[in-house]
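Q: Hi! Could you walk me through a couple of helices in this one?

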Amino acid sequence: MTGETWYHDTAIAAPLADGLSADLSCDVAIVGGGLAGLTLLHELIRAGVDAVLIEKQVVGAGASGRNGGFCSDGWAAGAAQITRLVGPEGAEALATLAAQGVAWMRAKCSLPEYASAGAKPGILTVSLSGRSGGEISGDGLRAMVDSPRYKSGTLDMQAFHFHPLNFMRCLAGEVRDMGGRIFQNTTLGAIARDGTGFQLTVTDGKTIHANRVVLATGGYGGSETGPLARHILSIQTYIGVTTPVAADIRRAIKTDFAVGDTRRAGNYYRMLPDDRLLWGHGITTFGTHDAARIKTNTMRDFQRIYPSAAPDFEYGWAGNMAYAVHQMPLVGQLQPGLFALSGFGGHGMNTAPISAIVLAEALCGQSDRIKLFDAIPKPWNMGKAGPFAVEAQYCLLKMRDYLTERRG
């Protein structure tokens, strides 16, 4: 192991150079080199807009390049929650958008240039309570995942799993070849209004003058993002990757479909191309970045589901996800000329790119689909009390999941 994550140790070469060498001006400045920001730049360049992107580390360094690699339909919030927020018609329109996001990602992954993303179809969603009405149960379920805690499952063959960091690097390479300007290792210090637009002060005192600014930061953004920082919470989750697995693991996990369960803070896992197991778990506002502790905790979590197996976890890492308290993203104008494209935690691989496409349409005057997001409230994150409130909420959800499972 040489990299921070298994993805880094198996990634294709990064396609971009670093740094902003001189002051510049542009129409749209995008802050954040995750999937949302990079897709937005892709769409704006296609439309002929003079846009640039800055990223304080490297493209895909945050959640977009270190997540579980699942792409499926839906949003982080459930259908009932979305209906409460925007009404039935708005919820239906957002459901259509989510499906379009999956289709956009699938189309990209099917291109020869994206072969290194290694997309594979199929995500199996399992229930520990038996109340989900899944069509797979009994021997059919045990033929795929043999855990005493699983009661039923549903297989989605439109969903897929893939190598997210390689996808990000392929997308960055495509944007570069289109003439897009991406400046890595370029940290935003401040944003100030400047006459007809904004002045962004970045690394080494360089400046970017932009008519419009899009804040596409995720769980790694801070106070420099101004009004966006009042709405977003940073939530941690954890992933471990094993050494090449032994026979006892394959006797329990017999499928090459990705697997996730229906609990709010449940497990998500999949076999990797080099015969390792990736295992994700946990949602918390207070956690650890220590790899040894993450690996120990991941083993403990794994054995709650598969008590008869004991893999060796070689990798363990944390990832910060961006959430609003209602679990829906913030997309649209915060102030005149200043836009948000954030809050895709928990379900971003389809929702981030399609939201970026909708925002690009609005910035180019091509459609009014942005109204779907205008209807979603932009709640305050409760400041310093926010992480404690969210932690309490997740503890309550985990208790509900536990009681539901016990009742069957």
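Q: What comes just after α2?
A: Just after α2 sits Gly48, and its phi is positive, about 80 degrees. Keep in mind that this is a predicted model.

Q: Okay, and which residue follows α5, and what is its phi like?
A: That one is Gly179, which also has a positive phi, near 100 degrees.

Q: Back to α2 itself. How many of its residues are buried?
A: Eleven of the twelve are buried, so α2 is largely enclosed by the rest of the structure. Among them are Leu35, Thr39, His42 and Glu43.

Q: What should α2 span, going by its residue count?
A: At 1.5 Å a residue, its twelve residues should span 16 Å, and the end C-alpha atoms are 16 Å apart, which agrees.

Q: And how covered is α5?
A: Mostly covered: eleven of its 14 residues are buried. Those buried residues pack against α1, α2, α3, β7 and β13.

Q: How are α2 and α5 arranged, roughly parallel or roughly perpendicular?
A: They pack at an angle of about 25 degrees, with their axes 10 Å apart. Angles under 35 degrees count as roughly parallel, and therefore α2 and α5 are roughly parallel to each other. The crossing of α2 past α5 is left-handed.

Q: Which residues meet there?
A: From α2 you have Leu35, Leu38, Thr39, Leu41 and His42, and they meet Phe167, Met168, Leu171, Ala172, Glu174 and Val175 of α5. Of the residues in this contact, eight are nonpolar, two polar and one charged.

Technical notes
Residues are numbered from 1 along each chain as its sequence is written. This is a predicted model: local features need pLDDT of at least 70, side-chain atom pairs count only at pLDDT 80 or more; totals for chains, interfaces and linings use all residues. Side-chain values use heavy atoms; hydrogens and water are left out. Buried means under 20% relative accessible area, exposed over 50%, partly exposed in between (1.4 Å probe, protein chains only). Helices (H or I, at least four residues) and strands (E, at least two) are DSSP runs, numbered from the N terminus. Contact means heavy atoms within 4.5 Å. The expected span of a helix is 1.5 Å times one less than its number of residues. Axes are lines fitted to C-alpha atoms, for helices over the stretch in contact, and angles run from 0 to 180 degrees between N-to-C directions. Angles under 35 degrees count as roughly parallel, over 145 as roughly antiparallel, 65 to 115 as roughly perpendicular and the rest as oblique. A crossing is left-handed if the near helix is turned anticlockwise from the far one by less than a right angle, and right-handed if clockwise. Ala, Val, Leu, Ile, Met, Phe, Trp, Tyr, Cys and Pro count as nonpolar, Asp, Glu, Lys and Arg as charged, and the others, Gly among them, as polar.
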